[in-house]
Amino acid sequence: MIALEQVEKNYGKKQALKGVNLIIPPGKIIGLVGENGSGKSTLLKIIAGLTTPSSGTIQVNGIKATRSIASKVAYMPDADVFYPIFSVEKLFRFYETQFEDFNYSKACIVAQYLNIPLEAKLKTLSKGNRGRAKMAATLGREASYYLLDEPFSGFDPLVREDIIKGMIQFTDPETQTVLMSTHEIKEAEPLLDAIILLNHGKILAYEEVETIRDQFRMDSITWMTKLIKEGDLSGNETYR
Amino acid sequence: MSIDFLPDKPIYQQLIDRITGEIIRGNVKPGEKLPSVREYAVEVGVNANTMQRVYKELEMMRISETKRGQGTFVTDNETRLQQLRDEVKEGLVESFLNSIEALGFSKKEMIEFIQTRERGEKQ
């Protein structure tokens with residue numbers, strides 16, 4: 001379980017996160033959505049222990065998130081530049097030296113599943129294949145938590161579909177948790193158990209996808225757009 | 001291949017409709033083995049938890065049964081499958097009747113129109 005209590009993050013005078021309380025249970029795939037600058041990447045980095053909160057606490061399986069939490073949490077950054085001079089195989093070998101939970105043969109199976117040649121250098125691969133390789137390296141880790149920052153952004157529909165299928169195929173829905181930020185809500189929705197909506201650094205809503213459809217009779221995008229508009233109109237940004 | 005889902009209905013419901021549709025069409029036969037939860041989830045691009053729920057519901061509806069260690073199979077109970085056909089038919093007619101009522105057509109008018117149309121197609 002990931003638990004955040006009253007987490008705040010300031011960059012200078014800018015407040016990126018304002019009093020975030022959040023519980024993420026194990027065995028779920030959860031989408032983190034919201035407009036640009038709403039705090040999604042900051043939240044992921046804080047949970048991954050890559051940046052420290054200005055105040056508040058974050059616990060992953062009861063342990064305070066610091067840099068050492070990286071051994072429990074597989075974080076996938078948004079960046080396209082990803083060890084360009086490495087071959088895919090070298091990238092996996094490097095990951096093996098960095099992460100105790102890295103399973104080289106699993107990474108190779110994922111790479112094969114996504115049709116990535118192991119000997120190819122990352123800089124010679126197409127952007128889509130670099131994205132697939134990055135996903136294979138991330139899923140190669142047998143982590144309890146996968147934190148993915150915009151796993152679909154900038155990719156064509158075929159690559160997105162492959163990444164989605166890789167995630168379903170190679171994560172265990174009973175023990176592993178995926179938390180991913182995304183703007184591709186329509187495509188991600190069938191993959192998600194629940195959606196967390198961030199707005200101006202606060203959690204505006206946290207709801208199961210099927211509940212949104214069943215109770216509100218709308219898909220996640222319509223729901224999200226409606227909440228953001230209502231939130232901006234009333235100035236009421238608090239939830240839970 | 002991933003599939004498009006309607007926006008205003010739970011995804012698991014749409015998957016149940018999809019599987020029962022395949023059974024009614026005869027694409028999936030009585031007693032036939034269904035893919036595993038994971039296989040089916042990957043095929044249509046949905047969360048494995050959602051697919052688990054679909055399989056659980058199908059079993060509760062007595063449309064499928066799970067045999068320990070072997071997987072999930074479509075029931076070979078013909079009575080239940082006939083019942084399923086009737087339920088789906090009932091649902092279709094219900095929604096058709098709602099639509100024509102909303103537009104003010106009478107049932108009689110529609111039945112006559114269908115019959116005329118049928119005769120026209122046969123000639």
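Predicted model: local features only at pLDDT ≥ 70, side-chain atom pairs only at ≥ 80, totals over all residues.
Asp78(A) is placed in the loop between β6 (73-76) and α2 (88-98) of chain A. With 15 other C-beta atoms within 10 Å, Asp78(A) is partly exposed. Setting aside residues up to four places away in sequence, Asp78(A) touches Ser41(A), Asp149(A), Glu150(A) and Ser153(A). Leu114(A) stands 36 residues from Asp78(A) along the chain, and the C-alpha atoms of the two are separated by 19 Å.

One of the residues touched by Asp78(A) is Glu150(A), which sits in the loop between β7 (145-149) and α5 of chain A. Is Glu150(A) buried or exposed? It counts as buried, because 20 other C-beta atoms lie within 10 Å and the cut-off for a buried residue is 20 or more. The backbone of Glu150(A) also deserves a look: its phi is positive, about 50 degrees, although the residue is not a glycine. Most residues other than glycine have a negative phi.

His200(A) is another residue that is not a glycine and has a positive phi of about 50 degrees. The loop that holds His200(A) runs between β9 (194-199) and β10 (202-208) of chain A. His200(A) has 18 C-beta neighbours inside 10 Å and is therefore partly exposed.

Which residues of α1(A) are the buried ones? They are Lys40(A), Thr42(A), Leu43(A), Leu44(A), Ile46(A) and Ile47(A). Just after α1(A) comes Gly49(A), with a positive phi of about 80 degrees.

Two further helices of chain A can be taken as a pair. The axes of α3 (residues 104-113) and α4 (residues 127-139) of chain A come within 8 Å and cross at roughly 150 degrees. That angle is why α3(A) is described as roughly antiparallel to α4(A). The crossing in which α3(A) passes α4(A) is right-handed. Which residues meet where α3(A) and α4(A) are in contact? From α3(A) come Ala107(A), Val110(A) and Ala111(A), and these meet Ala133(A), Ala136(A), Ala137(A) and Leu139(A) of α4(A). By class, the residues of this contact divide into 7 nonpolar, no polar and no charged.

The next step is from chain A to chain B. Between the two chains, 18 residues of chain A are in contact with 15 residues of chain B. On the side of chain A that touches chain B, the elements giving two or more residues are α5 (157-170) and α7 (209-216) of chain A. The most comes from α5(A), with 5 residues. This side of chain A divides into 8 nonpolar, 2 polar and 8 charged residues.

Chain B itself has a domain assignment, which gives domain 1 (11-76) and domain 2 (79-122). How far apart do the C-alpha centres of domain 1 and domain 2 of chain B lie? The distance between these centres is 28 Å. The two domains also touch: 7 residues of domain 1 of chain B are in contact with 5 residues of domain 2 of chain B. On the side of domain 1 of chain B that touches domain 2 of chain B, the residues are 4 nonpolar, 2 polar and 1 charged.

Technical notes: Residues numbered from 1 in each chain as written. Chains lettered and ligands numbered in written order. Domains from an automatic or database assignment. Nonpolar A, V, L, I, M, F, W, Y, C, P; charged D, E, K, R; others polar. Helix = DSSP H or I, 4+ residues; strand = E, 2+ residues; numbered from the N terminus. Buried ≥ 20, exposed ≤ 12 C-beta atoms within 10 Å, placed from the backbone. Axes fitted to C-alpha atoms, helices over the stretch in contact; angles between N-to-C directions. Parallel < 35°, antiparallel > 145°, perpendicular 65-115°, else oblique. Left-handed = near helix turned anticlockwise from the far one by under 90°.
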